[in-house]
Amino acid sequence: AQAIWLQLLGSRLECPSSPSPAPPTLTLSPPFLVRWWSTAAMDCSMAGRVPVLQRPPDELLPEAAGPQTDEEGQHIVHIDRSNGGRLGVDIDDSDGVALVIKRMGSGLMEDWNRTFPEADVRVDDRIVEVNCISGDVDRMFQECLTAQALTLKLQRLQVPEALACPTDAREVTVHVYDLWGCRYNWPRLLNSGSTRFGVFHTGVEVYGREWSFGATQCGHDKGVYAQPEPKSHPLHQYRRSVRMGPALLSREDLEELMPAIRQKWLGGSYDPWRRNCHHFTDFFCQILGFPSGPCFGICGAGDRSLARETGCGPEGKRRCFPCSGTRGRWWRNSSDPLLDEASHSRSRPELPPAAAG
């Protein structure tokens with residue numbers, strides 16, 4: 001009887017090339033043949049298939065797996081590794097309690113930064129917790145290698161920025177450079193003949209720092225930068241200076257205002273014709289209390305008559321506005337703080353000479 005059953009079922013024990021059909025119902029088969037046939041069919045259907053990684057349980061990855069901050073101010077980052085991939089960071093675990101990011105390359109961390117630029121992961125960030133594991137760098141590192149869903153807590157050390165106004169020197173000076181003069185000779189020769197048709201670079205020195213504006217590789221970086229020393233630039237050759245006079249904006253007010261100025265003048269907004277270093281010089285001189293800055297070159301902005309002067313401009317051209325003391329600071333109450341780049345003289349009333357001091 002067993003030989004007859006084997007002969008009848010022999011043709012059905014081959015693994016089909018298409019998805020395996022459900023095993024037939026054998027109402028008259030002995031129980032051991034039904035169990036044997038079901039096992040053989042399952043083995044055939046699984047032959048040659050590659051296991052597929054399943055998505056981790058929903059409780060491991062929150063539905064809103066975006067940037068978060070805990071009560072201690074630590075940044076929370078969610079990384080999904082269910083589809084494979086590497087984090088793309090080099091770490092230093094020498095302190096024994098945290099994984100310090102030392103280098104970032106292509107990987108899941110870079111993908112996170114592109115998706116959430118406002119909560120990006122940076123070099124020198126400290127990973128202090130991985131999936132509720134903290135204080136043990138070996139376990140944290142192993143968890144980063146094996147877990148399919150990662151919840152990282154990062155600690156970022158706050159580095160205080162350098163003072164925008166390190167000295168009390170109120171004198172405002174516009175420094176003029178030959179564009180690319182440190183590399184080529186032709187800008188110096190061209191600028192020697194005319195201040196109208198030359199190619200120049202300008203920066204404004206006040207309270208001990210010289211500020212300039214330029215393009216950056218990343219459009220979100222701040223385009224306003226300070227030179228290490230006034231009258232020095234790695235690319236442009238210093239030519240001359242124009243003394244504008246004392247600033248009407250106090251040191252404390254400029255210190256408070258400089259972050260907003262730098263945020264307004266991002267490197268990605270640079271345009272060689274309509275928004276360059278000369279436009280920033282003109283804008284910054286207006287903020288410091290002057291009607292305009294000196295205009296140099298074919299792409300310049302400001303007052304060309306000041307470009308012919310080497311001393312302080314006429315006293316009558318300086319304008320005043322309530323910006324210090326008990327008089328309300330106008331950029332705090334304005335809907336677009338300070339950042340209207342047109343002339344401010346029409347919108348802000350001048351103070352009497354006695355109040356200007």
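The following exercises, each with a worked solution, concern the predicted model shown above.

Residues are numbered from 1 along each chain as its sequence is written, and side-chain values use heavy atoms, with hydrogens and water left out. In this predicted model, local features need pLDDT of at least 70 and side-chain atom pairs count only at pLDDT 80 or more, whereas totals for chains, interfaces and linings use all residues.

**Exercise 1. The chain as a whole**

Task: State how many helices and strands the protein chain has, and what percentage of its residues is buried.

Solution. Step 1: The protein chain holds 10 helices and 11 strands; helices (H or I, at least four residues) and strands (E, at least two) are DSSP runs, numbered from the N terminus. Step 2: Of the 357 residues, 38% are buried, where buried means under 20% relative accessible area, exposed over 50%, and partly exposed in between (1.4 Å probe, protein chains only). Step 3: Among contacts (heavy atoms within 4.5 Å) between residues at least 6 apart in sequence, 65% join residues at least 24 apart.

**Exercise 2. Helix α3**

Task: Identify which residues of helix α3 are buried and explain why they line one face of the helix.

Solution. Step 1: In α3 (residues 108-115), the buried residues are L108, M109, W112 and N113. Step 2: Viewed down the axis of α3, these buried residues fall within an arc of 145 degrees, so they line one face of the helix; the arc is that of the directions from the helix axis to the C-beta atoms. Step 3: An α-helix has 3.6 residues a turn, so residues three or four places apart point the same way. Step 4: R114 and T115, on the other side of α3, are exposed. Step 5: The packing partners of the buried residues are β2 (75-80), β3 (89-92), β4 (99-104) and β6 (149-155).

**Exercise 3. Residue M109**

Task: Determine whether M109 is buried or exposed, and which residues it contacts.

Solution. Step 1: M109 lies in helix α3 and counts as buried because its relative accessibility is 0%. Step 2: Apart from neighbours within four places in sequence, M109 is in contact with I79, L87, V89, M104, V121 and L152. Step 3: For M109 and I79, the separation is 30 residues in sequence and 7.8 Å in space, C-alpha to C-alpha.

**Exercise 4. Residue N276**

Task: Locate N276 and state which backbone atom its side chain reaches.

Solution. Step 1: N276 is in the loop between α6 (251-264) and α7. Step 2: N276 counts as buried, at 2% relative accessibility. Step 3: The N276 side chain reaches the backbone nitrogen of H278 at 2.9 Å. Step 4: Not counting residues up to four places away in sequence, N276 touches F213, W265, Y270, D271 and C299.

Methods
A polar contact is a pair of N or O atoms within 3.5 Å; within protein, one must be able to donate a hydrogen and the other to accept it, and residues adjacent in sequence count only if both atoms are side-chain atoms.
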